[in-house]
Amino acid sequence: MTGRAFELWRELELDAETGLLRLLGGLDFGDRHYLDAIAAELDGAGVAHEILDAREAEERWPGLRFEGRVIHHPQAGTVDAEGAVHALRTTAANRGARLLFTLPVRKLSVVSAGILAEFADGSTLTASQVVVAAGAWLSGLLGDQVRLPRLTVTEQQVFHFPRLDPSAPPWPSIVHEFGDGIYHLQGGRDGGPGDDRKIGAHYGGRVATADRRSGALDPAARAAMADYVRRWIPGCEATPRGEATCLYTSTPTEDFLLDRVGPVVVCSPCSGHGAKFTPLIGELVVDLVTGADTLPERFRLASHLSVGT
C-alpha cells in the first residue's frame with residue numbers, strides 16, 4: 001500500500017504542477033523485535049534498505065545518537081501537508097467539485113432517497129450516497145446511523161527544536177521505539193526558515209473530543225521532549241522554538257476504518273498515519289462508492305467490531 005500511495009503522490013505532484021514529497025530517507029531503531037519486524041516487511045516488499053550499527057549511523061548523520069541496530073531506507077520522507085491540501089482542493093475544483101467551507105454538517109439521516117444532510121444554517125441536501133471523512137467528528141455524525149468500533153480521540157503535542165547548524169545537511173525522518181514511541185523529522189513549512197526539527201510521541205496524548213480540547217501545551221511533556229533532545233539529538237537546541245497540538249482519532253487495532261453501509265461510506269483513516277496514504281485512501285473510497293470494492297478486509301467495520309468496541 002505504501003508503494004501504491006507513493007505512485008499516487010507523484011501523480012498528484014504532476015497533476016498539480018507542484019512538489020509535495022521531500023525524500024530524505026528514514027531511520028528506525030529501538031526495540032529489537034520491532035526492528036526484526038520492520039526488516040522482514042521491507043524484505044518481503046522488496047524495499048531497498050540497509051542495517052547499520054549505532055556507530056555507523058552516528059558517523060553518517062552527525063548530531064544524532066543511536067543505540068543497537070539502525071534500519072535505513074532511502075525512499076522515505078515527508079509530505080508538505082498544507083501544500084497537499086491545496087493541491088487536492090485545486091485539482092478537485094478543476095474537475096468540477098463544489099467546495100463549501102464554513103458550512104458544517106450537523107446531522108446525517110438515512111432516508112428513502114439515500115441520505116439527508118442538515119447544515120448549521122438550517123439548509124438541507126439529499127443525496128444518493130455520502131462519504132463521511134470527518135476525523136474526530138465521525139462518531140458524533142454517524143453514531144446513530146452506523147455501528148462503529150470504539151474511536152478514541154486524543155490531543156497530541158508536537159514541538160519544533162532549532163538545529164544548531166541549520167546549514168548542515170538535513171537528517172532523515174526517524175522512528176524511535178522508545179517511551180511512547182518517538183518520531184522526529186524535518187519541520188519543513190512548520191519548522192520555519194531554519195527547518196527546525198519536529199518531534200512528537202505517537203502514543204499517549206490527552207483524551208479529548210473534536211469540540212472540547214484545551215489547545216494547551218503540557219509543561220511536563222515539553223520538559224520530557226527537551227530531555228529527549230539532550231540525550232538523542234545533540235545537534236539541536238534543547239529549547240523548542242515552536243509547539244502545537246493536533247488531534248488523533250484511533251481505533252483499537254490502529255488500522256484504518258473504511259467501509260460502506262447502505263448509502264453511507266465511512267472513511268476514517270485513523271491512528272495518526274492516514275495522511276501518508278491520502279491519495280490511496282481516496283482511490284479505495286472511490287471504489288466503495290462505485291461498487292468496485294477493492295478494500296482489504298482488515299479495514300472493514302466487521303473486522304474492527306470483531307475485536308470489541
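**Close-up views of the predicted model**

**View 1. The second largest pocket and its lining.** Nineteen residues, written 19 in the count, line the second largest pocket, and D180, I182, A201, A224 and M225 are the ones that lie nearest its centre. A pocket here is an open set of points on a 1 Å grid over the protein atoms alone, where a 1.4 Å probe fits, with protein on both sides within 12 Å along at least five of seven lines, and lining residues have an atom within 4 Å of a point. The volume of the second largest pocket is about 320 Å³, a volume being the space filled by probe spheres set on grid points joined across faces, edges and corners. At least two lining residues come from each of β10 (152–161) and α6 (219–232), and the greatest contribution to the lining of this pocket is that of α6, with seven residues. Sorted by class, the lining of the second largest pocket consists of ten nonpolar, five polar and four charged residues; Ala, Val, Leu, Ile, Met, Phe, Trp, Tyr, Cys and Pro count as nonpolar, Asp, Glu, Lys and Arg as charged, and the others, Gly among them, as polar.

The model is predicted, with residues numbered from 1 along each chain as its sequence is written, and local features need pLDDT of at least 70, while side-chain atom pairs count only at pLDDT 80 or more and totals for chains, interfaces and linings use all residues. Side-chain values use heavy atoms, with hydrogens and water left out.

View 2. I115 belongs to strand β7, which covers residues 114–119, and its relative accessible area of 3% is why I115 counts as buried (under 20%; exposed is over 50%, partly exposed in between; 1.4 Å probe, protein chains only). Leaving aside residues up to four places away in sequence, I115 touches L108, S109, V110, L125, T126, A127, Q129, V130 and V264, a contact meaning heavy atoms within 4.5 Å. E58 is 57 residues from I115 in sequence, and the C-alpha atoms of E58 and I115 are 56 Å apart in space.

View 3. Most residues other than glycine have a negative phi. E17, which is not a glycine, has a positive phi near 55°, and D195, also not a glycine, has a positive phi of about 55°. The loop that holds E17 runs between α1 (2–16) and β1 (21–22), whereas D195 is placed in the loop between β12 (182–186) and β13 (197–201). E17 is exposed, with a relative accessible area of 73%; D195, at 11%, is buried.

View 4. P234 is found in the loop between α6 and β15 (242–250), and its relative accessibility of 32% makes P234 partly exposed. The residues that P234 touches, not counting those up to four places away in sequence, are G63, L64, R65, L164 and V229. P234 and E67 stand 167 residues apart in sequence, yet their C-alpha atoms are 14 Å apart in space.

**View 5. The whole protein, for orientation.** The secondary structure comes to eight helices and 17 strands, taken as DSSP runs numbered from the N terminus (helices H or I, at least four residues; strands E, at least two). Along the principal axes, the C-alpha atoms fill a box of roughly 65 × 45 × 45 Å, and 41% of the 309 residues are buried. Of the contacts between residues at least 6 apart in sequence, 66% join residues at least 24 apart.
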